Amino acid sequence: MPLYITFDLDVLDPADAPAVSNLEPLHEGLRASQIVKIFHGLRGMNIIGGDIVCMIPTKDNPNNITAMNAMAIMFEMVALIADRMEQAKKG
């Protein structure tokens, strides 16, 4: 079945994503490296698209860590889609 991924940045640890809509200090979130492992576990599924929600760019710190982590997560989504398309070509 087709799978569309909506990734909510609120799930990330505040250290990895300080620019989210529902920042919850003192509560551990998932680390960006854990998200990559989860996404790698989705390889082979029929992923047709995805999006990332709940980022507030004006709240990001000067090094744009939230934006960079969002970009890395989106890269993983695009890689999953590309992998699925490549596998479909091979039949």
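Which residues does Phe7 touch, not counting residues up to four places away in sequence? The legends below start there, and the model they describe is predicted.

**View 1. Contacts of Phe7.** Leaving aside residues up to four places away in sequence, Phe7 touches Leu12, Ile35, Phe39, Asp51, Ile52, Val53, Ile73 and Met77. Phe7 is also a member of the largest nonpolar core. Two of its contacts, Asp51 and Ile52, lie in strand S2 (47-53). Two others, Ile73 and Met77, lie in helix H2 (65-90).

**View 2. The largest nonpolar core.** This core holds 14 residues. Phe7, Leu9, Leu12, Phe39 and Ile73 touch the most other members. Strand S1 (3-8), helix H1 (32-40) and helix H2 (65-90) each give two or more residues to the core. H2 supplies the largest share, five residues. In soluble globular proteins, nonpolar side chains tend to be buried together.

**View 3. Cys54 in the loop between S2 and H2.** Cys54 is not a glycine, yet has a positive phi of about 75°. Most residues other than glycine have a negative phi.

**View 4. Asn64 in the loop between S2 and H2.** Asn64 has a positive phi of about 55°. This residue is not a glycine either. The relative accessible area of Asn64 is 38%, so Asn64 is partly exposed.

Notes
Residues numbered from 1 in each chain as written. Predicted model: local features only at pLDDT ≥ 70, side-chain atom pairs only at ≥ 80, totals over all residues. Heavy atoms only, no water. Core = buried A, V, L, I, M, F, W, Y, C linked by side-chain atoms within 4.5 Å. Buried < 20%, exposed > 50% of the residue type's maximum accessible area, 1.4 Å probe, protein only. Helix = DSSP H or I, 4+ residues; strand = E, 2+ residues; numbered from the N terminus. Contact = heavy atoms within 4.5 Å.
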